[in-house]
Amino acid sequence: MTTHYLVLSVLLFTIGAVGVLIRRNAIVAFMCVELMLNACNLAFVTFARQHGNLDGQIIAFFVMVVAAAEVVVGLAIIVTIFRTRRSASIDDANLLKY
Amino acid sequence: METAEIIQGAGGAIGASWLMIALPLLGAAILLLGGRRTNGWGHLLGVAMSLGAFVVAVLSFVQMLGLDDSRRRQAVELFDFIPGMVKMGLLIDPLSISFALLITGVGSLIHIYSIGYMSHDPDRRRFFAYLNLFVAAMLLLVLADNYVGLYIGWEGVGLASYLLIGFWQHKPSAATAAKKAFIVNRVGDFGLAIGIFTIWTTFGSVAYGPVFEVAGEADQGVLTAIGLLLLLGACGKSAQLPLQSWLLDAMEGPTPVSALIHAATMVTAGVYLVVRSGAIFEAASTAQFVVTIVGVATLLAGAIIGCAKDDIKKALAGSTMSQIGYMMLAAGLGPVGYAFAIAHLITHGFFKANMFLGAGSVMHAMNDEVDMRKYGGLFSVMKVTAITFGIGYLAIIGFPLLSGYFTKDGIIESAMHVNPVLGWLAVAGAGITGFYMSRVMFMTFFGKRRWAPDAHPHESPAVMTIPLVILSIGSVFLGAYLILGNRLMLFLAPAVGRPADLPGFHPFSAPGLTTLALVAVGAAIAWAKYGRAEVPQVAPRGSFLTTFARRDLYGDALNESLFMRPGQWLTRIAVFFDNRAVDGLVNGLAAGIGGTSGRMRRLQNGFVRSYALSILFGAAMVVGALLYVGTL
Amino acid sequence: MPWLSILIAVPVLGSVGVALLPKGADKLAKQLTLAVSLIVLGLTIAMAVQFSPGSTDRFQFAETYRWIPSFGVHFGVGVDGIALVLIALSAVLVPIVVLASWHDADAPTAKRSVKAYFSLLLLLEAMMVGVFAATDVFLFYVFFEAMLIPMYFMIGSYGGAQRSYAAVKFLLYSLFGGLLMLVAVIALYVIADKGTFMFPELIGAITDPATQKWLFLGFFIAFAIKAPLWPFHTWLPDAAAQAPAGAAVLLVGVLDKVGTYGMLRFCLELFPDASKFFTPLVLVLSVVGIVYGAIVAIGQTDMKRLIAYTSISHFGFIAMGVFAMTANAASGATLYMVNHGFSTGALFLIAGFLIYRRGSHHIQDYGGVQKVAPVLAGTFLVAGLSGLALPGLSTFVSEFMVLIGTYERYVVPAIIATSGVVLAAIYILWMYQRVANGPTAEKVQGMRDLDSREKWVIVPLLALIVALGFFPKPILDVINPAVDKTLANVSVTEFKPAVPAVAEPKGAGE
């Protein structure tokens with residue numbers, strides 16, 4: 001009954017994951033992360049419905065709140081990097097290494 | 001062996017005999033701690049403390065003479081040293097008091113002599129401090145009533161010897177000789193220490209009285225082991241083969257030191273140890289036999305070395321080795337030899353100290369020249385020294401009726417009874433003694449003057465010659481006094497037991513006459529070569545035998561190739577091993593971990609997407625694991 | 001009166017006080033440190049006077065407070081004779097070290113904080129008292145590890161050229177051992193299942209032989225690294241050579257004793273069967289250490305490294321004495337710990353004086369010191385002689401007791417170990433000869449003799465060495481009952497002489 005929702009969730013998650021892995025543009029990668037989060041939300045809500053309790057829905061709200069906060073911080077960082085380096089490619093921002 | 005019982009709680013002078021040790025020790029402490037403030041009167045304090053000890057020794061001796069034979073072994077309890085193991089105390093008996101008299105008596109004379117001998121040395125105070133320290137340690141060695149006390153004194157005299165040999169420590173040769181003496185002695189101490197351990201584990205005590213009482217009941221093998229271990233200690237201290245090599249180098253010390261420590265007292269400690277431990281040696285005949293072998297070997301080796309030395313002190317040192325060999329031989333003969341060993345020890349203490357001090361007087365006059373080839377004809381300029389030295393010389397070669405004659409003859413006679421081979425070897429040694437001592441005498445005091453151009457020999461001051469005179473008087477009469485009528489043997493009997501039948505005095509026995517003849521021959525050869533003939537200023541190359549003797553029978557070469565070189569290699573290998581192998585392992589481990597993490601950190605490449613990939617892998621693995629666990 | 005808590009609290013408070021002093025008050029910091037350490041010494045003496053050796057209590061001055069009730073961890077302190085003499089050793093050494101280190105921290109680079117050094121010193125003293133006083137195994141572990149921190153900084157910030165290498169090496173070695181011990185401590189708690197870490201209650205709690213062996217190894221390796229025994233020793237020469245002289249004294253004199261103390265207290269009593277099982281191994285390590293340490297010491301060219309290697313040899317003696325498990329050997333080993341603290345302490349301090357004057361720790365840079373600075377050379381010789389266990393000095397008594405006690409049960413190891421006396425003569429006298437004898441080296445000319453502060457440092461140590469050499473009874477009387485109680489828990493039989501000599505006949509003398 002809920003299989004379709006879960007399949008959709010998996011598809012969305014996979015698209016998001018692949019996007020994060022292959023796209024260089026920071027904004028796109030960021031969107032893909034959001035996609036993965038929302039895929040998870042979908043799965044949570046689905047399971048909540050399946051089990052007939054509210055736990056999954058509550059967690060979905062938590063995820064949304066965290067995602068919103070993350071967007072604020074993340075976008076701010078991306079904009080700052082873009083301002084200083086004139087590039088939004090995440091492969092260019094590789095100074096933090098060994 | 002029948003000895004008198006030890007009586008506890010002595011009184012009178014014997015009860016106060018600890019003063020003998022305490023006084024010189026106090027003197028040493030004052031002089032060392034007082035520093036320069038005591039420079040002015042330090043030597044006087046040193047002499048006073050030594051004389052004080054002598055007075056206590058004499059008073060104890062007098063008190064002992066007034067007692068019955070059965071009451072002549074008195075114990076003085078001092079304090080509990082190691083609870084449950086060692087109670088420190090003194091044992092005043094005929095044996096220890098004989099030594100105490102010799103040490104304090106000859107010691108005091110040498111103290112007095114040193115006032116003159118060291119008068120120009122800026123460090124004279126320190127010298128007297130060390131001398132006092134030596135006297136205290138030596139007295140502890142002979143007076144202690146247990147092996148641990150003896151061991152403390154034993155190492156104490158080793159320390160004093162170290163300090164005094166190296167007294168002129170700015171000379172590298174002196175410092176090296178001092179170190180060598182201490183280390184070789186420690187090899188002996190190693191044996192002595194293990195001997196004491198074995199005594200403790202066998203008898204559960206280290207005190208003489210209880211141990212000797214039951215000594216005979218112990219296992220034969222154990223007793224032999226104890227005997228041989230004690231003998232190793234004795235060999236170290238008394239410069240017997242195979243630990244003889246330090247004594248000749250020890251002549252680097254000031255001459256009074258050579259006289260006191262390396263002739264009269266310390267080097268005889270080994271003889272004391274063997275005689276004192278008589279109960280153990282008598283129950284272990286193998287060990288006893290080895291003692292006589294060591295004694296004979298050393299008496300010959302020392303005599304041969306003495307023949308080839310041009311350094312007057314080294315010639316005398318060779319002779320000391322040889323004479324102690326005689327004492328060892330006697331000490332290994334059992335009760336019949338003990339008294340002769342001690343008698344020879346006492347007379348030797350006199351005549352050898354006499355000769356060493358005489359040599360010091362000569363050196364004093366000759367600007368510290370020690371090479372006899374640069375002496376000659378000194379008789380006319382230093383009559384007192386020459387005559388007293390001559391008396392010592394006659395005594396040591398066994399000139400009839402002088403001290404050495406009686407004591408050495410006694411040793412040879414008793415050796416003949418036990419083992420004729422040993423006896424005849426001892427006779428041969430006496431002949432060689434006649435040669436090399438005559439050589440010293442003639443090269444120094446007779447013949448042509450071969451002095452260095454700036455030498456102006458003169459007689460030494462009275463403070464130096466009076467001790468010489470006193471010692472030479474002892475060299476003349478002491479032997480006859482101690483031996484005739486078995487006086488010393490009967491006196492020592494309560495301490496060391498008395499032989500089944502007392503030896504008589506046989507002046508015209510075959511060995512006695514042979515000895516005299518050989519000595520005369522030796523002296524005649526010496527006269528021909530060094531008295532009448534011209535002595536070359538530079539030593540001739542000499543035969544193989546001469547080189548052999550000159551190089552101390554290759555003892556040093558042997559030690560060097562057997563112990564020193566391999567030891568140096570071992571040290572280098574060990575240091576290398578420690579730095580490279582042990583530490584290298586640790587550092588290698590550290591470097592390995594460091595290297596691995598150095599490579600591992602390359603994973604942290606700064607590309608966010610590669611991190612994301614590894615996160616994905618990680619998450620996939622976790623999920624996979626969960627699924628797998630779910631199927632179980 | 002809670003003596004031991006006070007003894008721990010006073011130096012801690014002193015340490016905080018010194019640390020809080022205003023900047024630039026260096027002299028005040030030193031004086032305050034000295035005062036606090038002297039107070040600790042006074043308190044220790046006052047406590048020692050009230051100690052009764054004959055008491056039947058296992059620990060005296062015992063205090064127990066609950067610390068982490070859910071795990072049965074207590075702040076439990078108390079002393080027996082063994083712990084008391086080691087606490088006394090620490091209390092004696094710290095004021096001497098403070099006085100000796102007077103200028104150590106302010107020397108060449110003024111960047112280092114003087115008051116931090118002395119604050120660490122006091123903190124270390126509190127740890128040292130605590131580690132010996134702890135009667136709770138967990139508390140012991142805490143002090144055991146916490147001690148590393150002040151010492152790490154003392155070596156790492158105030159040491160010689162290679163100080164950070166040495167400090168890290170020291171720390172890693174000790175932490176590795178400590179980790180094994182932590183595992184063993186936890187396992188001991190769990191397996192014993194007594195719900196407490198208190199040492200007296202854990203005695204005899206582990207009976208399974210295999211478990212005993214594993215736990216023994218956990219403790220023993222930690223202690224063997226700390227002591228250090230061969231082959232865990234290589235951190236010591238580096239640490240001791242790089243540490244400032246005062247810190248080296250405390251490191252070798254006291255900290256390392258925690259290792260041998262731990263063997264005697266924890267290994268032997270908690271795991272008696274395992275201790276007996278591993279005795280051959282430990283004896284081999286000890287004997288190898290004695291000979292090996294001595295031989296490597298002979299080959300050293302650096303004065304402080306040489307002294308450190310002699311200590312490795314000496315720790316071999318101590319460990320051998322502990323594991324010989326005879327009364328004489330164990331008492332001797334305990335006395336050895338104390339005497340070694342004094343003797344090696346004196347050697348390190350005098351080496352420090354020499355190095356401070358000449359600016360080099362290479363032995364070859366010296367020569368003829370005796371001529372220009374006779375008092376300095378004289379004290380060096382006396383300290384050296386105590387290092388080679390000369391009779392009449394305190395080290396002889398302990399070495400003799402260890403050897404004779406070992407000989408009672410293990411003849412061959414004792415004989416090999418006795419050869420150490422010959423090697424000791426070589427390394428000490430050769431060092432002394434190269435430093436003090438011979439012609440005076442050019443750079444040594446004009447070397448000044450000891451000043452009065454330095455005399456105050458060295459004279460008490462030498463006086464103790466001589467006094468205890470002639471009359472060790474007061475200390476042995478304190479140690480012996482404690483050792484007997486320890487060995488009773490290990491249940492070993494004393495040796496019996498083959499032919500027991502009768503007691504000396506008594507009689508009225510003349």
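Colleague: Where does C:Pro231 lie in chain C?
Modeller: This is a predicted model, to start with. In it, C:Pro231 lies in the loop between α9 (209–226) and α10 (235–242) of chain C. A cis peptide bond joins C:Pro231 to C:Trp230, with omega about 0°.
Colleague: And what makes you call C:Met325 buried?
Modeller: Buried means under 20% relative accessible area. C:Met325 comes in at 2%, so it counts as buried. You'll find C:Met325 in the loop between α14 (303–324) and α15 (327–358) of chain C. Its phi is near 55°, a positive value in a residue other than glycine.
Colleague: Why is C:Ala389 called buried?
Modeller: Because its relative accessible area is 6%, and the cut-off is under 20%. C:Ala389 sits in the loop between α17 (374–387) and α18 (394–409) of chain C, and has a positive phi of about 60° although it is not a glycine.
Colleague: How do you know that C:Leu21 counts as buried?
Modeller: Its relative accessibility is 13%, and anything under 20% is buried, so C:Leu21 counts as buried. It belongs to the loop between α1 (3–20) and α2 (26–50) of chain C.
Colleague: What does C:Leu21 touch, not counting residues up to four places away in sequence?
Modeller: C:Leu28, C:Ala29, C:Leu32 and C:Lys115.

Conventions:
Residues numbered from 1 in each chain as written. Chains lettered and ligands numbered in written order. Predicted model: local features only at pLDDT ≥ 70, side-chain atom pairs only at ≥ 80, totals over all residues. Heavy atoms only, no water. Helix = DSSP H or I, 4+ residues; strand = E, 2+ residues; numbered from the N terminus. Buried < 20%, exposed > 50% of the residue type's maximum accessible area, 1.4 Å probe, protein only. Contact = heavy atoms within 4.5 Å.
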